[in-house]
Amino acid sequence: MNDKTKDEYAALAHSLVDAAISKALNVLQNECNEEVLAKYAATVTAATQATRKTEKAKTEEPPSKRNFVWSSIEEFTVDKGKLEILEFIKTWIYEDAWLYCIDLINVDELEFDTRFRYRVRWSIPTRRRPIPRATASVYFTIEASKIMPKTFPVNVYYVVEGNRLVQRPGDMRFEEKWLKDVIESKIHLLKNIDF
């Protein structure tokens with residue numbers, strides 16, 4: 001599908017959503033008082049603007065392409081690694097419903113470097129299911145070299161659970177779909193298992 005077709009579908013989708021919102025507001029006008037109507041209209045308008053802002057952000061240059069500066073080998077600590085991963089994740093584009101936690105899972109002392117391995121576990125809890133049925137993890141490895149000058153930055157890469165592709169920050173835009181695919185495959189697998 002080319003970009004022109006995608007733009008046409010996006011324009012059609014926007015017009016359908018706008019028409020549905022207008023119809024819903026008309027129904028509310030006939031059935032509700034002005035206070036309820038104003039509150040609903042503000043909520044719908046904010047949600048529509050947030051969706052369009054997210055769509056616009058996806059078409060722009062990814063924030064992760066910005067030169068994210070990782071700490072030097074000398075400055076690096078376990079806690080600083082967590083904070084830098086947190087700051088790097090903030091450059092990703094994803095829905096607000098996602099929650100995540102960052103855990104240090106291992107420290108490997110090797111001959112030429114020390115590798116700090118972190119897991120960022122993602123989920124979408126809801127009111128109906130505050131404990132999610134499945135989670136998706138992104139595994140970060142931060143290498144602090146023992147032979148390079150201490151002023152050099154640490155080496156960072158990450159892997160999405162279930163994928164083999166090793167990614168380096170700034171090389172590729174993060175896709176929320178990667179997390180959704182992991183969770184959907186886990187839920188699909190759980191449906192086929194009888195306990």
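Me: In this predicted model, which residue of β3 is the bridge partner of V120?
Reply: Strand β2 (residues 113-123) and β3 run antiparallel and are joined by 10 bridges. Within that pairing, the residue of β3 that partners V120 is V138.

Me: Which residue in β4 does F140 stand opposite?
Reply: F140 lies in strand β3 (residues 136-145), and β3 pairs with strand β4 (residues 155-160) in the antiparallel sense over six bridges. The residue of β4 that stands opposite F140 is Y158.

Me: Is F140 buried or exposed?
Reply: Nine of the 10 residues of β3 are buried, so the strand is largely enclosed by the rest of the structure. For F140 itself the relative accessible area is 0%, and a residue counts as buried under 20%, so F140 is buried.

Me: How many aromatic pairs does the structure hold, and what is the geometry of the pair F88 and F140?
Reply: The structure holds 18 aromatic pairs. In the pair formed by F88 and F140, the ring centres are 6.3 Å apart and the planes stand at 85°, and because an angle over 60 degrees is the criterion, the pair is edge-to-face.

Me: How many residues apart in sequence are the parts that the pair F88 and F140 ties together?
Reply: F88 lies in helix α3 (residues 78-89), whereas F140 lies in strand β3. F88 counts as buried, at 0% relative accessibility.

Notes. Residues are numbered from 1 along each chain as its sequence is written. This is a predicted model: local features need pLDDT of at least 70, side-chain atom pairs count only at pLDDT 80 or more; totals for chains, interfaces and linings use all residues. Side-chain values use heavy atoms; hydrogens and water are left out. Rings of Phe, Tyr and Trp (its six-membered ring) pair if their centres lie within 6.5 Å; planes under 30 degrees apart count as stacked, over 60 as edge-to-face and the rest as tilted. Helices (H or I, at least four residues) and strands (E, at least two) are DSSP runs, numbered from the N terminus. Buried means under 20% relative accessible area, exposed over 50%, partly exposed in between (1.4 Å probe, protein chains only). Two strands pair if DSSP finds at least two bridges between them.
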